[in-house]
Amino acid sequence: MTYRAPVAEMAFTIRQVAGLDRAVAEGLHGDLTADLAETILEEAGRFATDVLAPLNRVGDRHGTPLRDGAVTMPPGFREAYRAWSEAGWNALPGPEAYGGQGLPFLLNAACIEMWNAASMSFGLGPLLTAGGVEALSRHGSEDLRARYLEKLVSGEWTATMNLTEPQAGSDLSALRTRAEPAGDGTYRIRGEKIYITWGEHDLTDNIIHLVLARLADAPAGTRGISLFLVPKVLPDGRRNDLRCAGIEHKLGIHGSPTCTMVYGEGEGAVGWLVGEPNRGLACMFTMMNNARLGVGLQGVAIAERAYQQALAYARDRRQGKAGPAAEGMSPIIEHPDVQRMLLTMKAYTAASRGICYLTAEALDRAHRATDEAERRAAQDRASLLTPVAKAFSTDIGVEVASLGIQVHGGMGFVEETGAAQHLRDARIAPIYEGTNGIQAVDLVTRKLPLQGGAVVRAQIAAMRGIAERVLREGSPAFGHTAPRLREAVEHLDRATSFLLRALASNRPEEALAGATPYLRLFGLAQGGACLAQAALAAHAAARAGSTDPAHPARIALARFFAENLATAARGLEETVTAGAGSLQDASLALAS
């Protein structure tokens, strides 16, 4: 079963949950209209469905073989990438000064979801290039921007992010790659980087590597890291002193080359400083934050594709029902437990989509708002939501893909149906671009204290307001949506207060112990609020005379989430507030 982009649902979420209609009415996006945005999404959906989706299994089976330092991409990838970039998809959110279309990141977020649902291996390359464009736009010199941005924006060239080294892992303070001034404004880069996505490929003539390295006089730790632009091909056409030394043999994303890159085995790889010396990590975080939301969208993408496949299988697969009333053969979608699994898949997918789109909308306002206070508030909101979008959505991607296998039964465990590939591909997303544990620590220790806790309090107040609106609506179709959602928000509120007190009282171990369950709790409350917001908009449309069958489905999905999934909030609050004590005895429990 192939993927079909759910354009109508994406457009509804963008407009009614993330707030595109309001932004358009305010003039935030120039002459963009909601109708034009939907037209763009429809075209993107056709490309994802017709061109990219058939490449998913091809990439998984073919892989990316490395021979004599050259990577061969899977059949069809080169032609698809050329058509994709020539159609302007890479340039969609790019700066207009360098050939981009300057369209909202919110609109591009839906496109990122489509590209990655169609083929996550394909979508990974453009994801890194987009981060490179943003980092270079904000931190690169005028000369570097003039030389590289236009070709990166168009997709003629791709970009990579080089952080990890064999001995360092997530500890960037342990980086050993070094940079030496050459006396002509360039540097010579020497070192080894691992896990470099699309570090080598045959889709473009040049690859622009953004590499973290240390200058000789740099201070120790992360404060002594600088960022360098190191192209595969130098401006004079010569090949730079860098090579792909190996390709990782991975659990999934087989169509995406994950490379070991070696710099400076000879005279040294030529590079240019991006930003200020010893401030490279701040520059790289621009790229990483862009990528983290993109990875969250990958979680949504894999979940959507796994759900679509499981739904189609459940409709086609026939067998007898269990129980005393069973007779004859019927599609397994009629079985209550299969319905529960499918609804869980759909609800989690829609909830994580809402969170990611909300984050994208906040980023748009942070970049485009003319009022300084509004811009700062939007940036704080985006900072708060980014770790939730990344971690919650990628955890959901894994869970939904696993449920998809369960719906298939034994046929899901074999490669024939393709359901197993979704789980194999999804499993990397909670790991790269900062593991989900790191996202949880970031959320609790850096994002909750923003503005003395006012940022998270405002977000919780917005969730509570949605629950109150559902309660006032009073429609029987909502069932217990309002009280269950309100309870989830209150559990989140109390857990937030506990963590802020722990941080203020210099008890960081209590905050760290509860970080991961807290992020899950945040995702459940925020995801439930997103679905409830969609349900309110659907209810209003139906009351105004719309007969779209998707409207009652949206209300039913919000109700299912609130009554069946958001109920986990109580236990998560208890884990956050009382779980640290049991970790104190971790050394005893793990000793045997």
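Colleague: Let us begin with strand 10: how many of its residues are buried?
Modeller: Keep in mind that this is a predicted model. Strand 10 is largely enclosed by the rest of the structure. Ala269, Gly271 and Leu273 point one way from the strand, while Val270, Trp272 and Val274 point the other way, and all are buried.

Colleague: Which residue lies over the face of Trp272?
Modeller: Trp272 is one of the buried residues of strand 10. At 5.2 Å from its ring centre, over the face of the ring, lies Arg147.

Colleague: How far apart are the end C-alpha atoms of helix 8?
Modeller: Helix 8 covers residues 142-154, which makes 13 residues. At 1.5 Å a residue, the helix should span 18 Å. The model agrees with that expectation, because the end C-alpha atoms are separated by 18 Å.

Colleague: At which residue does helix 8 bend?
Modeller: The buried residues of this helix are Leu144, Tyr148, Leu149, Leu152 and Val153. They pack against several elements, including helix 7 (120-139), strand 3 (158-162) and strand 10 (269-274). The bend in helix 8 is about 45 degrees, and its place is Tyr148.

Colleague: Now for the aromatic rings: what kind of pair do Trp89 and Trp115 form?
Modeller: The structure holds twelve aromatic pairs. For Trp89 and Trp115, the ring centres are 5.3 Å apart and the planes meet at 65 degrees. Planes over 60 degrees apart count as edge-to-face, so this pair is edge-to-face.

Colleague: How many residues apart are Trp89 and Trp115?
Modeller: Trp89 is buried at a relative accessible area of 11%, and Trp115 is buried at 4%. Both belong to a cluster linked by ring pairs, with Phe47, Tyr81 and Trp198 among the other members. Trp89 sits in the loop between helix 5 (77-86) and helix 6 (105-118), whereas Trp115 is in helix 6. Their pair links distant parts of the chain, with a separation of 26 residues.

Colleague: Is His249 buried or exposed?
Modeller: His249 is found in the loop between strand 8 (242-247) and strand 9 (258-263). Its C-alpha atom is separated by 19 Å from that of Leu55, which is 194 residues away along the chain. The relative accessibility of His249 is 80%. The cut-off is over 50%, so His249 counts as exposed.

Colleague: And is Gln459 buried or exposed?
Modeller: Gln459 lies in helix 15 (residues 454-473). Leaving aside neighbours within four places in sequence, Gln459 is in contact with Arg381, Leu384, Leu385, Phe522 and Gln526. Its relative accessibility is 9%. The cut-off is under 20%, so Gln459 counts as buried.

Colleague: One last question: which ring does the charged end of Arg554 sit over?
Modeller: Here we look for a charge placed over an aromatic ring. The charged end of Arg554 is 3.7 Å from the ring centre, and the ring belongs to Phe12.

Note on methods:
Residues numbered from 1 in each chain as written. Predicted model: local features only at pLDDT ≥ 70, side-chain atom pairs only at ≥ 80, totals over all residues. Heavy atoms only, no water. Helix = DSSP H or I, 4+ residues; strand = E, 2+ residues; numbered from the N terminus. Expected span 1.5 Å × (residues − 1). Bend = angle between axes of the 7 residues up to and from the residue. Buried < 20%, exposed > 50% of the residue type's maximum accessible area, 1.4 Å probe, protein only. Contact = heavy atoms within 4.5 Å. Phe/Tyr/Trp six-rings, centres within 6.5 Å; stacked < 30°, edge-to-face > 60°. Lys NZ or Arg CZ within 6 Å of the ring centre and 35° of its normal.
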